[in-house]
Amino acid sequence: MTDNYAVFGNPIAQSKSPVIHRQFCDQTGEDMSYTKQLVAEGEFKQAADEFFRAGGRGLNITAPFKLDAYAYANALTPRAKRAKAVNLLIKEADGSVTGDNSDGIGMVNDMLNLGWDIQDKHVLLLGAGGAVRGVLQPLLNQNPAQVTIANRTVEKAEELAQDFHDLGSIDGCGFEALAGKKYDLIINGTSAGLHGSLPTLPDQLCRSGAACYDMTYAAEPTLFMQWAEQQGADKLSDGLGMLVGQAAESFYAWRHIRPEVVPVITDLRRKMKESKKKAS
Ligand code: ATR
């Protein structure tokens with residue numbers, strides 16, 4: 001029997017998750033359907049109840065419902081507890097629903113697939129919202145030498161660092177305080193790019209060989225990647241591989257089979273470039 005999965009969000013039309021999971025199914029031969037569902041704000045619980053009552057086996061959750069999903073789950077994995085957000089719900093054999101967060105491991109696995117080192121590196125995370133909170137535990141699990149969180153609102157960076165200080169060496173500050181410091185890995189987790197802007201950063205933050213990663217993605221290099229290139233970063237990536245990585249972790253949590261991510265990333269990248277070309 002075909003098992004049913006879906007992604008809930010609002011908006012949802014732009015979601016690539018059904019295409020990604022279709023490719024994972026083709027690779028693995030798993031018998032499952034995966035649809036996208038537009039959920040009205042304030043109606044997450046009702047929609048999730050209906051989905052699971054109808055036999056649904058698992059959900060991915062995207063904006064703006066990751067906190068609703070966190071509240072909805074009967075139990076949480078340690079990484080979801082730390083993230084204080086859930087992007088993955090799993091219906092267990094006993095009927096209960098477990099909440100997990102695969103965003104951070106998706107990002108870390110993408111960096112490792114790209115051949116980037118995290119262990120013993122000095123890492124700078126820009127932003128202190130939900131996206132950054134979601135990646136901190138998997139990132140610290142890689143044993144970086146130091147993680148600095150820099151944010152426009154300084155107190156949020158300091159609070160976040162405090163929340164994770166038991167997992168590694170981590171501090172929080174504002175952007176101006178970065179002047180004169182250097183990093184091996186700089187990750188943009190702000191939503192500034194979505195509004196066509198960039199955090200105001202001092203120059204010369206990149207160490208020789210530095211890697212810069214944007215958690216958002218686009219057909220063209222993002223504003224942050226353009227900044228990183230001007231700053232002489234050695235390696236650049238957007239977050240398309242993070243999207244596919246979190247999907248792969250979801251697939252694994254549901255089906256206990258690990259799909260190949262690289263061919264899916266390559267295919268999505270090609271399709272994004274093609275549709276951009278057609279549009280211009
Ligand atoms: P998300 O879930 O995407 O992380 P969020 O929780 O609203 O969204 O967090 C957005 C992050 O982007 C915050 O760190 C925000 O900084 P503030 O905490 O100071 O608001 C950051 N951000 C958004 N626009 C920005 C901009 N133009 N420059 C710098 N930081 C920005």
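Asp26 is exposed, with a relative accessible area of 56%; exposed denotes over 50% relative accessible area, buried under 20%, and partly exposed the range in between, computed with a 1.4 Å probe on protein chains only. The model is predicted, so that local features need pLDDT of at least 70 and side-chain atom pairs count only at pLDDT 80 or more, whereas totals for chains, interfaces and linings use all residues. Residues are numbered from 1 along each chain as its sequence is written, and side-chain values use heavy atoms, with hydrogens and water left out.

Asp26 forms a salt bridge with Arg22, the closest N and O atoms being 3.5 Å apart; a salt bridge is here a side-chain nitrogen of Lys or Arg within 4 Å of a carboxyl oxygen of Asp or Glu. Both residues belong to helix α1, where four residues, or about one turn of the helix, separate Asp26 from Arg22. Helices (H or I, at least four residues) and strands (E, at least two) are DSSP runs numbered from the N terminus. An α-helix has 3.6 residues a turn, so residues three or four places apart point the same way. Arg22 counts as partly exposed, at 41% relative accessibility.

In total, the structure holds 16 salt bridges. One of them joins Arg255 to Asp3, with the closest N and O atoms 2.8 Å apart. This pair links distant parts of the chain, since Arg255 lies in helix α9 and Asp3 in strand β1, 252 residues apart. Arg255 and Asp3 are both buried. A salt bridge is also formed between Arg269 and Asp238, the closest N and O atoms being 2.8 Å apart. Here too distant parts of the chain are linked: Arg269 belongs to helix α10 (residues 262–279) and Asp238 to the loop between β12 and α9, 31 residues apart. Arg269 is partly exposed, with a relative accessible area of 23%, while Asp238 counts as buried at 3% relative accessibility. Through salt bridges that share partners, Asp3, Glu30, Arg57 and Arg255 are joined into one network.

An open sheet of mixed pairing is formed by six strands in the order β2-β1-β3-β5-β6-β4. At its edges stand β2 (32–38) and β4 (75–76), each with a single partner strand, so one side of each is left without a neighbour in the sheet. Two strands are taken to pair if DSSP finds at least two bridges between them.

Strand β3 (residues 58–61) is covered on both faces: Gly58 and Asn60 on one side, and Leu59 and Ile61 on the other, are all buried. In a regular strand the side chains alternate between the two faces of the sheet. Strand β1 (residues 3–9) runs parallel to β3 and is joined to it by four bridges, with Ala6 opposite Leu59 in β3. The pairing of β3 with strand β5 (residues 88–91) is antiparallel and extends over three bridges. Within β5, Leu88 is the bridge partner of Asn60, and Ile90 stands opposite Gly58.

Helix α1 (residues 17–28) lies across β1, β2 and β3 and runs at about 175° to β2. Helix α9 (residues 240–255) packs on the sheet as well, touching β1, β2, β3 and β5, and its direction makes about 10° with that of β5. These angles, from 0 to 180 degrees, are taken between N-to-C directions of axes fitted to C-alpha atoms, for helices over the stretch in contact.

In helix α8 (residues 223–230), the buried residues are Phe224, Met225, Trp227 and Ala228. Viewed down the helix axis, the buried residues of α8 fall within an arc of 155°, so they line one face of the helix; the arc is that of the directions from the helix axis to the C-beta atoms. These buried residues pack against β7 (122–126), β10 (183–188), β11 (206–214) and β12 (235–237), contact being defined as heavy atoms within 4.5 Å. The exposed residues Glu229 and Gln230 are carried on the face of α8 turned away from its buried side. Just after α8, a positive phi of about 85° is found at Gly232.

The UniProt record, an unreviewed entry, places the feature "active site" at Lys66; UniProt positions follow the numbering used here, feature names are shortened, and annotations may be inferred rather than shown by experiment. Lys66 lies in helix α3 (residues 66–72) and counts as partly exposed, at 26% relative accessibility. Leaving aside neighbours within four places in sequence, Lys66 is in contact with Ile61, Ala85, Val86, Asn87 and Asp103.
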